[in-house]
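I opened this notebook to record what I looked up, one item at a time. The entries follow below the structure.

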Amino acid sequence: MTAITLPTVLRLGWLDSFMGYVVAGVAIAVLGLLVVVGLLVRVRRRGLPPTPPAPPPAPTTTAPTATAPTATAPQAATPQVAEPPAVAVPALDVPAPAAGRLVRLRDRLARSQTTLGRGLLAVLSRDHLDEASWEEIEEALLGADVGVGPTAEIVGRLRERTRVLGSRNPGELRALLAEELVRALDSADRSLHTAGHGDRPAVVLVVGVNGTGKTTTVGKLARVLVADGRSVLLGAADTFRAAATEQLETWGSRVGAQTVRGPEGGDPASVAFEAVRLGIAEGIDTVLIDTAGRLHTKTGLMDELAKVKRVVEKHGPIDETLLVLDATTGQNGLVQARVFTEAVDVTGVVLTKLDGTAKGGIVIAVQRQLGIPVKLIGLGEGPDDLAPFEPVAFVDALLGEPHPQV
């Protein structure tokens, strides 16, 4: 057996003590590490918000969908874009039917009845018609603006027929005079060619001097066509007068007709061209073109009117060229008409202001001397006071009731 010496014992005791210290140190280190880890976990947990408890099931009767205070925008009160206030659209006018207008407006010819119709009937009803009586009849016809040629024809036929008839009955004399006046108006074509052509609209060019009521006539004619079931577009080619364009737009808006306009002082021909182009594109039945009021003595203005006609005809022929004449101007209107026919091919005449101081005989003079039929007559300021001219109805209104025997 090996002997254990004192130094050996001492060395063994030191080792045991050393190992004890190492184990204790390791234990302390592990414990410290655990303490540090625990502290870190606690600090981290304190920095996070607490987990909210699960909400209880919402009742099916209320089922609120928002937990925000009601002072904020709740779902039921979602803001909406405010709509602009509704603008009241004025109702369109319903024009009176064109057929039979002259019969309804016969009272507007009261002045002409006194001047022409009743005056002639009073003379014709006399027991004896001498040369002075026939001269009186001639003066009455000439004073009514019938014209020299037509007056001579009417008087000649009346002389022959009253001699053969040999009667002075007011009813027979009225019928006799009516026949002669209607004959003087003959059987010209008074129809308005305003029906479209399938691929393009009918084009109506309206011309005349200032003050005849030309622009107003265009507006009233639009009403006549709308009353007949036509779609209408207006061309404001009177670019020299801003008021004319605004006036035409007002007339058009009342019956739902669009108005094509250009800049003030612009080229009238370009406005007329654009109006017809738009009429073709939109399938319009009739395009009415208002032109500038032109003095028939101004050559340059008449040349401009001829240019408008040429430019418009690039789309196709013009169906109607209506000349507006003031019936109160009498024989002077015939001078105007002749000059206009040299610039454009006038197909019809519109006689305005026949309800005033005008003399009904001008209708006969215009047609007989110019060979151009009167197609429309204006009998007042109302929107529906433009009437298609009907010779029989016109003469009947002109003569009024049979005059009692003198």
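Entry 1: I started with Asp145, which is buried, its relative accessible area being 14%. The cut-off for buried is under 20% relative accessible area, so Asp145 qualifies at 14%. I note that the model is a predicted one. I then looked up where Asp145 sits, and found it in the loop between α4 (131-143) and α5 (148-165). Most residues other than glycine have a negative phi.

I found a positive phi again at Lys353, also a residue other than glycine, with a value near 65 degrees. I placed Lys353 in the loop that runs between β6 (348-352) and α12 (362-370).

**Entry 2: α6 and α13.** I looked up how helix α6 (residues 170-184) packs on helix α13 (residues 391-399), and got an angle of about 135 degrees with the axes 10 Å apart. The two helices, α6 and α13, are therefore oblique to each other. The crossing of α6 past α13 is right-handed. On the α6 side I listed Arg174, Leu177, Ala178, Leu181 and Val182, and on the α13 side Pro391, Val392, Val395, Asp396 and Leu399. Sorted by class, this contact of α6 with α13 holds eight nonpolar residues, two charged residues and no polar ones.

**Entry 3: α7 and α8.** Next I took helix α7 (residues 214-227) and helix α8 (residues 242-254), whose axes come within 9 Å and cross at roughly 15 degrees. That angle makes α7 roughly parallel to α8. I recorded a right-handed crossing for α7 past α8. Which residues meet here? From α7 I have Thr215, Thr216, Val218, Gly219, Lys220 and Arg223, and from α8 Ala244, Gln247, Leu248, Trp251 and Arg254. By class, the contact of α7 with α8 has four nonpolar, four polar and three charged residues.

**Entry 4: whole chain.** I counted 13 helices and eight strands in the protein chain. Of its 406 residues, 41% are buried. I also looked at contacts between residues at least 6 apart in sequence, and 77% of them join residues at least 24 apart. The accessible surface of the protein chain comes to about 21,900 Å², with 60% belonging to carbon and sulfur atoms.

Conventions. Residues are numbered from 1 along each chain as its sequence is written. This is a predicted model: local features need pLDDT of at least 70, side-chain atom pairs count only at pLDDT 80 or more; totals for chains, interfaces and linings use all residues. Side-chain values use heavy atoms; hydrogens and water are left out. Axes are lines fitted to C-alpha atoms, for helices over the stretch in contact, and angles run from 0 to 180 degrees between N-to-C directions. Helices (H or I, at least four residues) and strands (E, at least two) are DSSP runs, numbered from the N terminus. Angles under 35 degrees count as roughly parallel, over 145 as roughly antiparallel, 65 to 115 as roughly perpendicular and the rest as oblique. A crossing is left-handed if the near helix is turned anticlockwise from the far one by less than a right angle, and right-handed if clockwise. Contact means heavy atoms within 4.5 Å. Ala, Val, Leu, Ile, Met, Phe, Trp, Tyr, Cys and Pro count as nonpolar, Asp, Glu, Lys and Arg as charged, and the others, Gly among them, as polar. Buried means under 20% relative accessible area, exposed over 50%, partly exposed in between (1.4 Å probe, protein chains only). Accessible areas come from the Shrake-Rupley method with a 1.4 Å probe; for residues, only the protein chains shown count as cover.
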